[in-house]
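The following paragraphs are meant to be read alongside the structure, moving from single residues to chains and then to the contacts between their parts. Please keep the sequence at hand while reading.

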Amino acid sequence: MLNIVVCVKQVPDTTDVRIDPETNTLIREGVDSIMNPFDMYAVEEALRIKEKHEGKVTVISMGPPQAESILREAISMGVDDGVLLSDRAFAGSDTWATSYTLAKGIQSIGQFDIIICGKQAADGDTAQVGPGIAVHLNIPQITYVKKVENIENGKITVERLIEEGYEIIEASLPCLMSVVKEINEPRIPSLKGMMRSKKAQIKTIRADDLDVKSEYLGLDGSPTQVVKIFSPPAREKGEMFTGEVSDIVEKLSNVIKEIK
Amino acid sequence: MKVLKSIRILEDKCVGCRACLDACPYNALYMQGKKVKIDYDKCTLCGACISKCKFEAIEMQKQAGFESAVSLKEAMGVWILAEQKNNKVQSVSYELLNKGRELADELKVDLTAVLLGSSVKQEAQCLIHRGADKVIIVENTILNHYQSGPYSAVITEIIKKYKPEIILAGATTIGRSLVPRLAIKLNTGLTADCTALEIDKKSKLLLQTRPAFGGNIMATIMCQKHRPQMATVRHKVFAEAKEDENRKGEIIEEKVSSELLNTDIILKDIIEEIEETVNITEADIIVAAGRGIGSRENITLIEELAKALNGAVGASRSIVDAGWVPYSHQVGQTGRTVCPKLYIACGISGQIQHLVGMQSSDVIIAINKNPDAPIFKVANYGVVGDLFKIIPALIKSIQSSSE
Amino acid sequence: MDYLLTEEQKMMQDLARKIADEKIRPVAKELDEKSEFPYEVMKALADSDLFGVYLPEKYGGFGGGVFELCLITEELSKACGGIAVCYAASALGTIPILIMGNEEQKKKYIPDLASGKKIAAFAVTEPEAGSDASAIQTTAKKEGDHYVINGMKHFITNGGVADTYVVIATTNKTKGARGATAFIIEKGTKGFTFGKKEDKLGIRASTTTELVFNDCKVPAENVLGKEGMGFIATMRTFDASRPGVAAQALGIAQGALDLTVKYATERKQFGKSISNFQGIQFMLADMATEIEAARALVYSTARMIDAKKNNVAGASAMSKMYASDVAMKVTVDCIQIYGGYGYMKDYPIEKYMRDAKITQIYEGTNQIQRSIIAASLIKESRKK
């Protein structure tokens with residue numbers, strides 16, 4: 001019986017994010033909030049581990065009250081429980097405060113054997129929260145997992161993606177791993193799961209419910225601060241090559257020669 | 001616990017110019033009459049609006065928070081964390097030295113490189129040749145390959161001892177696994193994937209600029225009250241530092257206690273997948289294929305072009321999902337971010353998720369049938385046409401010119 | 001338009017849309033080209049419980065009806081009319097068991113069809129018996145406790161891939177339509193094989209084959225209803241299933257229009273998007289209106305059937321005829337808006353036109369539908 005915790009985040013759907021060609025600014029209207037795409041792989045892997053080894057899967061998220069919807073989505077895929085850490089005191093958290101709060105939240109749920117995170121969040125792309133949680137909880141960390149080979153006798157063996165190939169790594173439980181897209185293909189929810197998720201109780205945890213120090217939370221607990229935000233410089237309008245294939249190829253070859 | 005409303009609009013200063021509304025990534029600001037209001041359910045206190053307000057009408061109060069392991073007063077010097085594989089320094093380290101040198105000169109402090117491995121003294125010299133004033137090395141067989149536990153324990157220890165003010169590392173698999181651990185252990189801030197770094201003239205603090213929201217927004221981030229200020233930098237964003245064999249510097253060998261080398265994970269094996277066309281993050285030239293290549297079989301055409309150019313093969317998500325090419329080739333949001341000198345997009349329409357993974361390439365060539373394909377918006381050179389006619393001819397032309 | 005769907009219906013619709021977007025769209029072009037059955041999509045539909053939406057809970061379904069079946073079929077068809085028909089044709093094979101079967105037959109066959117573990121097919125058509133179902137040549141001869149089937153069916157959707165077949169054969173040729181009987185025949189039964197696989201204009205991901213019966217022994221307990229009720233079974237099945245074909249047509253039309261509106265806003269000529277031109281705008285407006293009118297007709301008919309109203313034949317025929325005619329017209333106009341690109345296979349739109357055509361033909365050609373509509377009009381007027 002394994003207790004598996006999956007950390008998920010609600011992010012803006014970047015498929016909806018478009019640039020206004022006239023003003024070159026971000027069009028934000030009608031941008032939906034979705035579960036971070038990388039977290040879908042984490043949820044799926046947790047479900048697969050549960051199906052193979054028996055256990056319980058809990059999803060946890062830190063975010064505003066509306067982040068509840070992604071926890072329900074995970075439940076519709078087959079997750080057992082959803083926990084939402086939601087409090088104004090958490091607002092303004094950078095990755096330091098976020099990993100602290102999530103670590104405390106995970107501890108408050110009870111026993112855990114495996115914590116699974118997506119590789120990174122699609123809005124921030126920092127990939128810092130997973131390792132941060134592992135340090136706060138003082139447990140082994142394995143990033144970029146592309147395959148879980150085996151779990152037995154309190155140990156987990158995985159394949160970890162690196163630039164040149166992959167490593168085979170063994171760690172004792174409890175541990176934290178972050179997973180890459182290659183690990184699986186997330187399932188589509190079932191109708192039964194969706195009906196269950198509508199009725200499911202999402203447990204909301206506030207700052208007061210946790211054993212935390214306020215100086216580690218939210219804006220105060222965040223060493224980094226955004227000081228400026230701006231649109232990236234627009235790329236210059238490109239040159240279009242037209243004409244006969246031979247002309248085009250000659251022009252392309254010249255461009256390539258110059259670069260090489 | 002107190003309800004935080006640490007951000008507020010100073011109504012007497014707000015002129016209702018709406019500049020902040022556009023800056024808010026979360027749509028948390030709205031107009032009520034002629035003044036701006038904050039929707040506290042949406043606001044995440046990210047601070048993006050503050051610098052946009054020319055009238056200083058947005059105020060954010062931050063309490064002292066916690067203290068970092070390295071104190072503000074004592075911190076001094078710029079460090080880079082060098083990376084080695086098989087005791088060979090990786091090129092990303094030379095890129096860090098280049099930027100690190102610039103920052104150190106600006107601050108008039110030393111530039112130090114840290115290198116862990118089993119036998120790295122030789123390589124330490126190379127780091128000096130590329131601009132380091134000092135190199136701190138730690139040698140132990142356990143440190144031969146990167147492992148999260150020992151690496152973070154050892155580096156935390158030496159940071160506490162030497163107290164640098166800035167640390168740069170590569171945003172590589174190693175960097176992105178290691179540096180977040182250091183930030184937590186040292187109680188300090190970290191900015192990932194920076195594309196620009198400079199010293200603020202007034203405060204002498206590090207301005208760390210990085211893309212956010214899939215590259216649609218750039219954000220500049222500061223770590224004001226905690227040290228060291230830490231940043232990871234994407235590979236190939238900065239040029240490598242030039243080698244100067246006459247440069248002199250000091251190599252410091254640190255010995256660390258054995259308990260720091262305890263590891264809670266066992267590295268059982270490393271399997272190298274040797275395929276010259278795979279390593280897209282290292283390649284200077286990438287030829288990438290999308291749906292427009294029509295079928296799985298046609299990928300050979302792309303491979304041939306990549307081979308002729310001595311480059312790597314990239315792929316859009318759709319053809320990876322269709323099983324035409326392995327995942328290791330995927331460029332884009334759910335794949336790898338690349339910035340080669342030349343990116344040739346063949347039959348790729350250019351969904352935003354793909355663009356964020358390649359739009360910082362130096363030169364982009366796009367070949368696509370559809371003149372309205374979004375890929376042309378980021379391309380330096382575009383060809384509207386049949387790639388099955390153009391690419392074979394291009395391969396021939398390249399092959400004949402290299403003969 | 002708001003059709004006042006229940007929470008559950010919206011959920012099913014969302015789920016079907018998700019499968020259409022994530023599982024169907026990426027493979028639609030390839031399966032169409034190679035004419036390959038969408039096994040993986042069928043598995044996804046099964047895993048998501050969507051095969052059971054229109055079946056009673058006591059047989060493992062979700063307790064919905066024809067309306068729910070239409071909602072799902074429409075969503076799937078937006079992405080690919082060919083893949084959607086594989087799903088809908090299984091329902092077509094299941095419906096006769098549901099409306100004509102006895103309790104034992106329902107308990108034996110429906111749960112596996114509701115879970116998607118098995119797929120069904122309905123076999124009426126023969127080379128000489130298309131619209132004229134009474135001209136059936138396949139024979140079933142009773143011998144003791146079983147029947148011996150001989151003959152051939154053709155143009156059978158899901159032929160070869162389905163596990164459970166409802167087959168119409170004649171037990172008494174002299175009685176014409178009243179001599180037809182419906183049998184449940186399982187794949188693998190001795191003497192039951194598959195003939196030619198058709199190479200079609202559209203809906204190419206679906207499999208259409210011949211069924212060949214050569215002294216095929218079927219237990220007498222596999223007769224649906226009674227001997228001689230095969231024609232009634234067929235008519236009642238088609239009455240319930242025609243809105244499904246209509247929903248397929250509706251989905252194809254809507255899917256094509258959605259792509260076309262997007263294309264029209266992106267495609268630039270004379271320095272602006274072609275969606276700025278009134279000629280294009282009028283075409284888009286007409287298409288949207290006709291699709292919405294078809295939808296209203298299809299949904300109303302489906303709800304009527306689910307409410308067990310009598311005399312649904314006319315409405316059922318109207319919904320099938322109108323929606324499929326709209327689909328044909330809309331998909332042709334969509335290609336027109338795409339212009340030269342629309343004619344090319346590199347663009348997805350021509351496939352919609354090829355897929356739309358069959359909806360005017362199968363489950364009764366639109367000419368037959370008009371006959372049915374007229375017949376029901378005349379019947380009504382005589383009653384008055």
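**From local backbone features to domains**

N86(B) is exposed, because 10 other C-beta atoms lie within 10 Å of its own and a residue counts as exposed at 12 or fewer. The model is a predicted one, and in it N86(B) is found in the loop between β6 (84-85) and β7 (88-89) of chain B. The phi angle of N86(B) is near 55°, a positive value in a residue that is not glycine. A positive phi also occurs at L4(C), another residue other than glycine, where the angle is near 50°. L4(C) lies in the segment before α1 of chain C, and with 7 C-beta neighbours inside 10 Å it counts as exposed.

Two cis peptide bonds can be examined next. In chain B, such a bond joins R227(B) and P228(B), with omega at about -10°, and P228(B) has its place in the loop between β14 (217-223) and β15 (229-233) of that chain. In chain A, a cis peptide bond joins L173(A) and P174(A), with omega at about -5°, and P174(A) lies in the loop between β11 (165-172) and β12 (175-179) of chain A.

Chain B as a whole has a secondary structure of 10 helices and 22 strands, and its C-alpha trace spans about 65 × 65 × 40 Å along the principal axes. Of the 403 residues of chain B, 51% count as buried, while residues 24 or more positions apart account for 65% of the contacts in this chain with a separation of 6 or more. The domain assignment of chain B gives domain 1 (10-54), domain 2 (78-261) and domain 3 (285-402), and the C-alpha centres of domain 1 and domain 2 of chain B lie 37 Å apart.

For chain C, the domain assignment gives domain 1 (7-119), domain 2 (121-230) and domain 3 (238-383). The C-alpha centres of domain 1 and domain 3 of chain C lie 21 Å apart, and the contact takes 23 residues from domain 1 of chain C and 22 residues from domain 3 of chain C. On the side of domain 1 of chain C that touches domain 3 of chain C, the elements giving two or more residues are α1 (7-34), α3 (66-79) and α4 (81-100) of chain C; the largest share of this side, 11 residues, comes from α3(C). By class, this side of domain 1 of chain C has 13 nonpolar, 5 polar and 5 charged residues.

Methods:
Residues are numbered from 1 along each chain as its sequence is written. Chains are lettered from A and ligands numbered from 1 in the order in which they are written. This is a predicted model: local features need pLDDT of at least 70, side-chain atom pairs count only at pLDDT 80 or more; totals for chains, interfaces and linings use all residues. Helices (H or I, at least four residues) and strands (E, at least two) are DSSP runs, numbered from the N terminus. A residue is buried if 20 or more other C-beta atoms lie within 10 Å of its own, exposed if 12 or fewer, and partly exposed in between; C-beta atoms are placed from the backbone. Two residues are in contact if their C-beta atoms, placed from the backbone, lie within 7 Å. Domain bounds come from an automatic or database domain assignment. Ala, Val, Leu, Ile, Met, Phe, Trp, Tyr, Cys and Pro count as nonpolar, Asp, Glu, Lys and Arg as charged, and the others, Gly among them, as polar.
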